[in-house]
Amino acid sequence: MKGGGGGGGGGAVLVTTGKRRWRSLVIGVLFLVILSMLVPLAFLLGLHNGFHSPNPNPNGYVPVHKTSIVSDLKIYDKYENSETFNYAEDVRSNFPDGAKTETSDMSATDTSHHSKVTPVSPPAVPQSLPNTSNSKIAGTVADSGRGGVDENENCELKFGSYCLWRREHREEMKDTMVKKLKDQLFVARAYYPSIAKLPSQDKLTRALRQNIQEVERVLSESATDVDLPPGIEKKIQRMEAAITKAKSVPVDCSNVDKKFRQILDMTNDEANFHMKQSAFLYQLAVQTMPKSLHCLSMRLTVEYFKSPSVVMELSQADRFSDPSLHHYVIFSTNVLASSVLINSTVLCARENKNQVFHVLTDGQNYFAMKLWFFRNTFKEATVQVLNIEQLNLESHDKAILIHMFLPVEYRVSLLSVDGPSIHSKMQYISVFSHLHYLLPEIFQSLTKVVVLDDDVVVQKDLSALWDINMGGKVNGAVQSCSVSLGQLKSYLGENSYDKNSCAWMSGLNIVDLARWRELDLTKTYQRLVREVSMGEESKEAVALRGSLLTFQDLVYALDGVWALSGLGHDYGLNIEAIKKAAVLHYNGNMKPWLELGIPRYKKFWKKFLNQEDQLLSECNVHP
């Protein structure tokens, strides 16, 4: 018996141990299930509330990359004793290094009113997009007592050209019935908690709950009136009847008011989230190379290495260094854009046998460029492709030059006060990058060159540029007098310069290299860069100050008919002015080779695209 009892006791121990193991296994499985549910929930909440990405730069400058470096300048004009806050469109901060991109933020104010500039870290939003709900600029305007900024203008301050694009592509939704259902659902949800607490209103509580569930199901499947199921009118009538009964029941108004406010806050948060999400997707489309262009570049690179011996440099070294010819310098990583630019320049020239094009690109795109310009000829013009990573520039920081060899573009938001109203205007200015200041060293035998951005297209003969007497000036450029150096004083510092002089634009520049070497402007630029680099400014921010101050009093103002800018962001340009301009500059986000490009301006660029190449059709390149 004892033995049997002992055996029974041992069996009980085994059973207990087995149960414990079984329970531990169940608890572990439940924990994994809960964890698998929490991870996506945390991601969604993070996307809704904005991911807090660490900003390594305390001044709020975050470098980003696309086809044209674009930084933000917030300029407050005629605004007394106001503070300006920068917030970077850091959505781009997660993109890899490489292309001509939209980048760091800066702020500037009208210095004639001693405005204060306060750099701050960008607010946390999806992928670091500017926060729309707690805008510092909106707060500053509201506190000024001078009226508010128009909703569209306030949108431009936060999201830039996305707001222009959204306004032009807004679709009229046929959703009158859907909106009515949403309004009814809003009111029913507000009354339901208070009605549910009343024991005498069980029937009304069930009716409200049933109607709410039905409307929620319908709205989950319908975005417009066309999507609504048949018999929806009866559902609307039943919901309206239930709401009318709920309104007739005496309830605590404070509870209903509280519920209304909660639902309103949730609705505002949802609208804010969708706005930021849409702006993020716009920025993603702007900064990401289209699949077709990526295909073209990769196919060209593969074809080059299949038969590299076929692509031989023609014996034209004497033309590359002949100062009597017309030399054009292009900085680009975009095969299609540089090809359109060269083709338009050649086709519009009265004489092209004296044209020499020097395309400077990076190592990643060098072989694709090499093969493309070997396969495609441009009448009697000569094209030389240079790899900036192979240039003999030992005395310079190659990492910076490779990162910053494309022209730098800045978005400038101008705020002006006109009585009780405040108006904003957005401008884009572009200046030289670090590598531009090595032109005299790269082209040692040349005395004068025309520098072109790859987002321009030529419509008239440019040979007259070589006949211009610049009177000792170095840089012939079209000026943007909507932005004066005085407005940038808080950023440019207290250096001695003309506060009323206009900012100059890159895109089309005639550069006197002989005069440049005589004045040693490269050393001047490097000194200015070192002065700023002692602080914590971004490389792109340094380029703006260095460029504007290096060419102080050395800019020859070209006539405005030479170049017209704004085709990459301004929907309101006059078509006749576009047709008369010698050069069209698609500065801004909406480049002509992107799907987001402004349709009415694309035709001026597309007509110079040679679509006969087989690779274009194979890669589905149809801008």
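Student: How do you know that the length of helix H8 agrees with its number of residues?
Tutor: This is a predicted model, and helix H8 runs over residues 253-287 in it. At 1.5 Å a residue, its 35 residues should span 51 Å. The C-alpha atoms at its ends are 51 Å apart, so the two values agree.

Student: Which residues of H8 are buried?
Tutor: Among them are Val 256, Ile 263, Phe 273, Met 275, Ala 279 and Phe 280. Lys 276 and Gln 283 are on the list too.

Student: What makes Leu 528 buried?
Tutor: Its relative accessible area is 4%. Buried means under 20%, so Leu 528 is called buried. Leu 528 sits in helix H17, residues 521-533.

Student: What is Leu 528 in contact with, leaving aside its neighbours within four places in sequence?
Tutor: Its partners are Arg 545, Gly 546, Leu 549 and Thr 550. Take Gly 546: it lies 18 residues from Leu 528 along the chain, yet their C-alpha atoms are separated by 5.5 Å.

Student: How many aromatic pairs does the structure hold?
Tutor: It holds 18. One of them joins Tyr 304 and Phe 305.

Student: Why is the pair of Tyr 304 and Phe 305 called edge-to-face?
Tutor: Check two values. The centres are 5.3 Å apart, and a pair needs centres within 6.5 Å.

Student: Why does Tyr 304 count as buried?
Tutor: Its relative accessibility is 10%. The cut-off is under 20%, so Tyr 304 counts as buried.

Student: What makes Tyr 328 and Trp 466 an edge-to-face pair?
Tutor: Their centres are 5.2 Å apart, with 70° between the planes. Over 60 degrees is edge-to-face, so this pair qualifies. The pair links distant parts of the chain, 138 residues apart. Tyr 328 is in strand S5, while Trp 466 is in the loop between strands S11 and S12. Both residues are buried.

Student: Which residues do ring pairs link into a cluster?
Tutor: Phe 432, Tyr 437, Trp 504, Trp 516, Tyr 525 and Phe 551.

Student: At what angle do helices H6 and H7 pack?
Tutor: At about 140°, with their axes 10 Å apart. H6 passes H7 in a left-handed crossing.

Student: Which kinds of residue make up the contact of H6 with H7?
Tutor: Nine are nonpolar, one is polar and five are charged.

Definitions and conventions
Residues are numbered from 1 along each chain as its sequence is written. This is a predicted model: local features need pLDDT of at least 70, side-chain atom pairs count only at pLDDT 80 or more; totals for chains, interfaces and linings use all residues. Side-chain values use heavy atoms; hydrogens and water are left out. Rings of Phe, Tyr and Trp (its six-membered ring) pair if their centres lie within 6.5 Å; planes under 30 degrees apart count as stacked, over 60 as edge-to-face and the rest as tilted. Buried means under 20% relative accessible area, exposed over 50%, partly exposed in between (1.4 Å probe, protein chains only). Helices (H or I, at least four residues) and strands (E, at least two) are DSSP runs, numbered from the N terminus. Axes are lines fitted to C-alpha atoms, for helices over the stretch in contact, and angles run from 0 to 180 degrees between N-to-C directions. A crossing is left-handed if the near helix is turned anticlockwise from the far one by less than a right angle, and right-handed if clockwise. Ala, Val, Leu, Ile, Met, Phe, Trp, Tyr, Cys and Pro count as nonpolar, Asp, Glu, Lys and Arg as charged, and the others, Gly among them, as polar. The expected span of a helix is 1.5 Å times one less than its number of residues. Contact means heavy atoms within 4.5 Å.
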